[in-house]
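Work through the exercises below with the structure open beside you. Try each task before reading its solution.

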Amino acid sequence: MNLRTRSLSENLGTEVLDIDLADIDETIFVTIREAWQKDPILLFRRQSLTEGQLLDFSKWFGDLDLDTIKDINTDDPAAEDRNPELFFVSNLQFADGTKVGGLSNDELVWHTDLIYRAKPASGSIFYGVEMPEGTAGTSYCNMAHAYRTLPNELRQAVDGKRARCKYGTETPLCSFMRQNVEKNFRRETGSTTEMAEIDARTPEVVHDMVLENPVTGERSLYLSPNHTTSIENMNEEDGRALFDALLKHALRPESIYTHAWRNGDVLIWDNTRLLHRRGAFNARIPRLAKRTTVYMDPSYFAVPKDKAEWVT
């Protein structure tokens, strides 16, 4: 089966046309998966999905994470009780003042989701139900393109390297994040005790800084400015210089696509091949999205593992 598609930008993003995600079979799914292997971002517009249909579509790709935020916030309202695999992103409130979903209207820094886990659920499926027009665009940086275009010296420097990643009190390696600590993407906490509990739930992990897709052979940089804390076998100064050089190269305009959301958009992206960030928006403008996070099948996609997973 051939999909009708169009490119979203020169080096990142494919819009898939004429597909109703509420009604796909195995043939259509395999074709979608092949398209996702080739491009880290796929967009499906004008979708109208029930929560069950969103979950059914997501499960074609693998097991779903029960909640992307529970390891750092056990009482977050974004986990929907009826469907714990569903995560709400919203600034709305119920009548009793309880938040409908998680995450604020603030701008987020460049990051890749869940890199601080030993086994990250790396596939994101995001359904925009009520999205504010002209604001809160989400930008994505193609880390596979960044790797492909690395100067030889930088490629040789990063190949084979592993980085330590941590959610919590550790200081990020990235110079920008060290200079702008208040922008670090971690939950605001009320006490040192609560921060200690979060640290205990999210121990340090170590991941390869270059990942390779087992099918396509495509390689991509795997790092996160706010959660990468050091590079193994490098001192802090040299590690920071390498990290900063990689990030500067990656965040060139040619590698970035910014998505302007419309109601009914379903955007799926692969966190092993992307950084992303969201722009801020007016808190008085309603926003509601539903998201699932997938443990991607390692037979088809690059799947990061903590180095301890490789010990036999």
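The exercises start with the whole chain and then turn to its parts.

**Ground rules**

This is a predicted model, in which local features need pLDDT of at least 70, side-chain atom pairs count only at pLDDT 80 or more, and totals for chains, interfaces and linings use all residues. Residues are numbered from 1 along each chain as its sequence is written, and side-chain values use heavy atoms, with hydrogens and water left out.

**Exercise 1. The whole protein**

Task: State how many helices and strands the protein has, and what share of its residues is buried.

Solution: 
- Step 1. Count the elements. The protein has seven helices and 15 strands. Helices (H or I, at least four residues) and strands (E, at least two) are DSSP runs, numbered from the N terminus.
- Step 2. Check burial. Of the 312 residues, 54% are buried. Buried means under 20% relative accessible area, exposed over 50%, and partly exposed in between, with a 1.4 Å probe and protein chains only.
- Step 3. Look at contacts, meaning heavy atoms within 4.5 Å. Among contacts with a separation of 6 or more, 81% link residues 24 or more positions apart.
- Step 4. Check confidence. The mean pLDDT is 87, and 84% of the residues reach 70 or more. This score is the predictor's confidence in each residue, from 0 to 100.

**Exercise 2. A covered strand**

Task: Decide how many residues of strand S13 are buried, and find the strands that pair with S13.

Solution: 
- Step 1. Strand S13 spans residues 266-270, and five of its five residues are buried.
- Step 2. Sort them by face. Val266, Ile268 and Asp270 lie on one side, with Leu267 and Trp269 on the other.
- Step 3. Find the first partner listed here. Strand S3 (residues 41-44) pairs with S13 in the antiparallel sense over four bridges. Two strands pair if DSSP finds at least two bridges between them. Ile41 has Trp269 of S13 as its bridge partner.
- Step 4. Move on to S3. Both of its faces are covered: Ile41 and Leu43 are buried on one side, Leu42 and Phe44 on the other. Strand S2 (residues 14-17) runs parallel to S3, joined by two bridges. In that pair, Glu15 has Leu43 as its bridge partner.

**Exercise 3. Two helices**

Solution: 
- Step 1. Find what covers H1. Its buried residues include Ile28, Phe29 and Trp36. Their cover includes S3, helix H2 (51-59), S5 and S13.
- Step 2. Look at the start of H1. Asp25 caps the N-terminal end, with a side-chain oxygen 3.2 Å from the backbone nitrogen of Thr27.
- Step 3. Finish H7. Asn235 caps its N-terminal end, with a side-chain oxygen 3.2 Å from the backbone nitrogen of Glu237. Buried residues of H7 include Leu242, Phe243 and Leu246.

**Exercise 4. Three residues**

Task: Is His259 buried or exposed? Is Thr229 buried or exposed? Is Pro298 buried or exposed?

Solution: 
- Step 1. His259 is in strand S12 (residues 256-259). Its relative accessible area is 0%, so His259 is buried.
- Step 2. Find its polar contact (a pair of N or O atoms within 3.5 Å; within protein, one must be able to donate a hydrogen and the other to accept it, and residues adjacent in sequence count only if both atoms are side-chain atoms). The side chains of His259 and Asp265 are joined by one of 2.9 Å.
- Step 3. Thr229 sits in strand S11 (residues 228-231). Its relative accessible area is 13%, so Thr229 is buried.
- Step 4. Pro298 lies in the segment after strand S15 (288-294). Its relative accessibility is 52%, so Pro298 is exposed.
- Step 5. Leaving aside neighbours within four places in sequence, Pro298 contacts Pro214 and Val303.
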